[in-house]
Amino acid sequence: MTQAITINNLTYQYDDHELFDGFNLSIEAGEWVALVGHNGSGKSTLAKLIVGLIVANGGDIDVFGKRLTVDSINDIRAQIGMVFQNPDNQFVGATVADDVAFGLENIELPSNEMPQRIDEALHTVGMENFKEREPHTLSGGQKQRVALASVLALGPKIIILDEATAMLDPEGRASIMKTLQNLKAQFGSELTLITITHDMDEAALADRIVVINDGRLIIDGNPDDVFSKSQTMHDNGLELPFAGELTARLTVKPKKYLDERELIHWLSPSNK
Amino acid sequence: MAITFEQVNFSYGAGTTLANPILHDINITIADHQVTAIIGQTGSGKSTLIQHLNGLLKPTTGQVTVDDLIVTNATKEKQLTKLRAKVGMVFQFPENQLFANTVLEDVMYGPLNFGYQTDEAKQSAQSALKMVNVAENLWQNSPFELSGGQMRRVAMAGALASNPDIVVMDEPAAGLDPKGQAELLELVANLRQSGKLVVFISHQMDHVVSVADQVIVMQDGHVAVQGTPADVFNRDIDWFKSVNLDLPRAGQFAEQLRANGVSLSRRPLTLTELATMLNEEHKHE
């Protein structure tokens with residue numbers, strides 16, 4: 001298996017605080033990893049370290065086998081796209097299409113290739129009918145899908161979404177989750193996805209969940225494994241998905257962790 | 001200290017050819033010493049409504065009364081100062097409101113503006129920061145060095161520092177982690193306990209159920225319903241679809257159970273209620 005990201009013995013401190021001290025993590029190419037933790041647990045800092053927005057005090061970060069250094073930083077950044085929390089802080093274009101074009105101009109894509117790239121990226125996120133719209137007329141969920149299209153147009157191998165749904169209403173949040181599932185279906189092993197979140201319904205969509213707290217790795221496993229450790233999750237300031245919180249309060253419990261659909265089936269008369 | 005809206009209509013660009021009507025014929029009373037939640041899908045007029053509470057927007061027609069202060073279209077900007085001292089506003093993404101060099105200075109800005117002496121302003125800022133759980137070792141830091149959750153708290157302290165009788169918050173919990181959300185709900189309950197009137201906008205029905213006394217449902221610029229959470233959330237499921245709102249999570253789960261042949265004696269509105277009902281009514285053999 002190809003490793004998309006390998007973090008080895010990472011240390012990072014700011015002010016007097018040692019956030020990461022010998023942190024290790026590797027993410028395989030094509031994986032969808034949810035990086036979860038409470039506000040201030042270090043998850044966003046980790047994302048910034050991976051793309052070299054901030055510099056570690058020690059340890060190594062490799063992206064597709066290439067060590068992150070001052071010399072390699074531009075090559076590495078070209079492989080990683082990021083979408084941030086606040087949709088209003090990441091728009092530069094006057095129209096949706098201009099906005100997607102901005103990144104393409106930066107990588108000096110020949111202008112005759114641009115329309116097709118823009119169309120494809122907007123189509124992937126379901127925003128092809130909004131090309132000429134001004135960004136401020138879009139809903140939060142639509143804005144985040146455009147931000148995702150701007151990143152996709154550059155053909156990244158890794159996309160990191162840093163709490164990209166946190167500011168959205170339920171409809172917007174659902175539309176982003178659906179879009180991410182479509183992306184994984186379309187790109188498969190060609191795309192590595194890292195979603196940073198404290199929303200467990202969002203984390204549940206990933207192949208793997210990595211829980212961190214104060215720069216330490218607490219749990220690393222598939223959603224069922226992670227959600228069966230309810231006490232550890234609570235101790236680290238996190239909740240389980242609704243079905244997990246409910247199960248924890250039932251006097252008679254299913255033998256293993258069940259997601260919402262499974263729990264409803266387990267509770268239904270056809271199962272008795 | 002109650003708030004009333006009488007026949008309030010509001011349009012952006014009223015009187016021009018570009019007039020864009022947002023609020024239609026709003027008649028509501030928001031009771032004192034209570035927590036009122038305003039819900040409704042994006043674009044239903046929630047934010048426009050609450051901007052009338054401190055005169056950021058004035059009704060195009062009709063009047064808003066806050067305690068003994070009346071706001072109509074004719075109210076002059078100068079007359080709104082008294083209203084603004086009474087009503088603390090926390091906007092959506094309040095971290096965008098931060099501007100000062102240190103956390104403490106940022107929170108002192110409001111009280112100083114309302115004529116507090118420096119010492120007095122400092123004291124009220126400190127007690128507001130304690131109220132929202134911002135640790136003392138951060139008070140001399142730049143507000144821009146804080147994490148998102150901490151910035152949110154500092155911005156809230158800024159609105160609370162001048163001790164307003166009315167606190168209005170636009171989606172205060174958006175983006176907070178579970179612990180931050182629980183603390184926020186506790187803060188809202190404490191504000192009510194200390195006699196304040198609290199109005200907040202939320203998309204999280206679980207928060208509404210847990211802390212609100214009254215719920216106002218907005219739809220297309222109208223008030224669709226006003227009532228207690230129990231009244232509002234026990235309406236027919238088709239009504240929720242028609243206003244494009246979710247039930248609280250426990251209610252959603254119960255609806256799915258019902259579709260799968262498990263009926264409960266009534267609709268649970270909280271996780272605890274749902275768990276209790278399942279434990280009592282559907283003992284799993």
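Author: A residue is called buried if 20 or more other C-beta atoms lie within 10 Å of its own, exposed if 12 or fewer do, and partly exposed in between, with the C-beta atoms placed from the backbone. Helices (H or I, at least four residues) and strands (E, at least two) are DSSP runs, numbered from the N terminus. The model is predicted, and local features need pLDDT of at least 70, side-chain atom pairs count only at pLDDT 80 or more, while totals for chains, interfaces and linings use all residues. Residues are numbered from 1 along each chain as its sequence is written, and chains are lettered from A and ligands numbered from 1 in the order in which they are written.

The part to look at is α11(B), where B:L271, B:L274 and B:L278 are buried. An α-helix has 3.6 residues a turn, so residues three or four places apart point the same way. On the face turned away from the buried side, α11(B) carries the exposed residues B:E280 and B:E281.

The cover over the buried residues of α11(B) includes α10 of chain B, together with α10 (242-249) and α11 (260-267) of chain A. Two residues are in contact if their C-beta atoms, placed from the backbone, lie within 7 Å, and the contact of the two chains takes 30 residues from chain B and 28 residues from chain A. On the side of chain B that touches chain A, at least two residues each come from α5 (148-160), α6 (178-193), α10 (249-259) and α11 (271-281) of chain B, and α11(B) gives the most, with five residues. That side of chain B divides into eleven nonpolar, 13 polar and six charged residues, where Ala, Val, Leu, Ile, Met, Phe, Trp, Tyr, Cys and Pro count as nonpolar, Asp, Glu, Lys and Arg as charged, and the others, Gly among them, as polar.
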